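Biologist: I would like to learn how to read a model like this one. Could you walk me through it, feature by feature?

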Amino acid sequence: MSIYEIYALKYAGPFVRTGAHLMWYRDWEKTEKINYYIWCIKGADETVIVDAGVTPQLAGKRELHGYVNPVDVLARINIRADDVRHVVITHMHFDHAGGVSLFPRATFYIQEDEYRFWLENPVAGRPPFRYVSDTASNAYLASLEGTDRLVLLRGDQQILPGIQCLLSPGHTVALQTVAMNTARGKAILGSDCAHVFRNYTEDWPSCLIVDLVGWMQTYDKLRELVASADLLFPGHDRRLLENYPQVAKDITRLV
Ligand SMILES: [Zn+2]
């Protein structure tokens with residue numbers, strides 16, 4: 001059986017967010033610091049990057065505090081972005097898909113429904129959706145359609161031995177999470193299925209919702225699959241950096 005280690009790599013932040021951003025419709029008076037991350041799943045034979053971060057151009061446009069090019073962050077653990085073969089895009093918000101062009105030889109794995117929504121549904125061009133997406137990176141992905149560098153997934157699918165993409169809607173139309181076998185059993189990189197650990201522990205999603213009913217059902221699905229609750233990881237929690245062994249600057253080993 002293929003066993004993987006999981007690393008969290010911070011590429012921007014910290015950012016201050018209101019509590020009501022992180023916990024839907026509550027904690028209005030609180031604030032909390034979060035980070036932007038990509039993740040690395042490392043096995044004996046394969047390395048998979050989860051999410052692509054943001055290009056320097058986009059980081060400038062969005063004025064991302066504390067930004068470091070994900071290419072340089074990966075280099076700290078001896079991964080050359082040019083050599084990366086597999087990149088899972090959990091969803092097409094700019095902070096997750098905005099760096100696809102940094103991986104010129106990678107195959108990208110995206111849920112087809114997520115991809116079609118952002119590329120083809122006119123609603124994706126409306127202000128609240130435009131605000132959280134990046135047309136340049138979406139166009140880059142579109143330029144790969146029909147080639148073997150873009151794999152459009154339909155529902156739960158294994159992409160490599162021991163690594164499965166799971167349809168996990170709620171935050172976006174067809175966000176996918178990534179499950180893998182680790183030394184401690186099945187773990188899931190949940191990306192923005194939760195912004196912080198509290199979303200899972202308190203059963204309460206963030207404010208960025210396209211389907212709250214679907215989101216709660218996604219929580220049931222993911223909890224059922226992980227070997228233990230602490231192996232279900234959120235997308236933006238600063239604790240991903242603070243509570244795990246550091247292996248290089250701004251990089252921790254989660255499992
Ligand atoms: Zn995000």
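**Reading a metal site and its helices**

Modeller: Gladly. Start with a pair of side chains: H96 and D192 make a polar contact through their side chains, at 2.8 Å. Keep in mind that this is a predicted model.

Biologist: Where is H96 found, and is it buried or exposed?

Modeller: H96 is found in helix α4. Its relative accessibility is 1%, so H96 counts as buried. Leaving out residues up to four places away in sequence, H96 touches several others, including D51, I89, S191, D192 and H236.

Biologist: Which protein donors does the zinc ion have?

Modeller: They are D95 (OD), H96 (NE2), D192 (OD) and H236 (NE2), lying 2.0 to 2.3 Å from the zinc ion. Along the chain, these donors follow the spacing D-H-x95-D-x43-H. D192 sits in the loop between β10 (185–189) and α8 (197–201), and H236 in the loop between β11 (232–233) and α10 (239–242), so this pair ties together parts that are 44 residues apart in sequence. Both D192 and H236 are buried.

Biologist: How do I read the geometry around a metal?

Modeller: Compare the angles with ideal values: four tetrahedral donors would give 109.5 degrees. Here the four donor atoms around the zinc ion subtend angles of 89 to 165°, which makes the arrangement irregular. To count as tetrahedral, all angles would have to lie between 85 and 135 degrees.

Biologist: Now the helices. Why might buried residues line one face?

Modeller: The general idea is that an α-helix has 3.6 residues a turn, so residues three or four places apart point the same way. Take helix α7 (residues 135–143), where S137, N138 and L141 are buried. Seen down the axis of α7, its buried residues fall within an arc of 105°, so they line one face of the helix. The face turned away from the buried side of α7 carries the exposed residues T135, A136 and S143.

Biologist: What covers the buried residues of α7?

Modeller: The cover includes α4 (94–97), β5 (107–111), α5 (112–120) and β6 (150–153). Turn to α5, and its buried residues are E112, E114, Y115, F117 and W118. Their cover includes β5, α6 (127–130), α7 and β6.

Terms used: Residues numbered from 1 in each chain as written. Predicted model: local features only at pLDDT ≥ 70, side-chain atom pairs only at ≥ 80, totals over all residues. Heavy atoms only, no water. Buried < 20%, exposed > 50% of the residue type's maximum accessible area, 1.4 Å probe, protein only. Helix = DSSP H or I, 4+ residues; strand = E, 2+ residues; numbered from the N terminus. Arc of directions from axis to C-beta. Contact = heavy atoms within 4.5 Å. Donors = N, O, S within 2.8 Å, 3.2 Å for Na, K, Ca; no water. Tetrahedral: all angles 85-135°; square planar, octahedral: opposite > 155°, others 65-115°. Polar contact = N/O pair within 3.5 Å; in protein donor to acceptor, adjacent residues only side chain to side chain.
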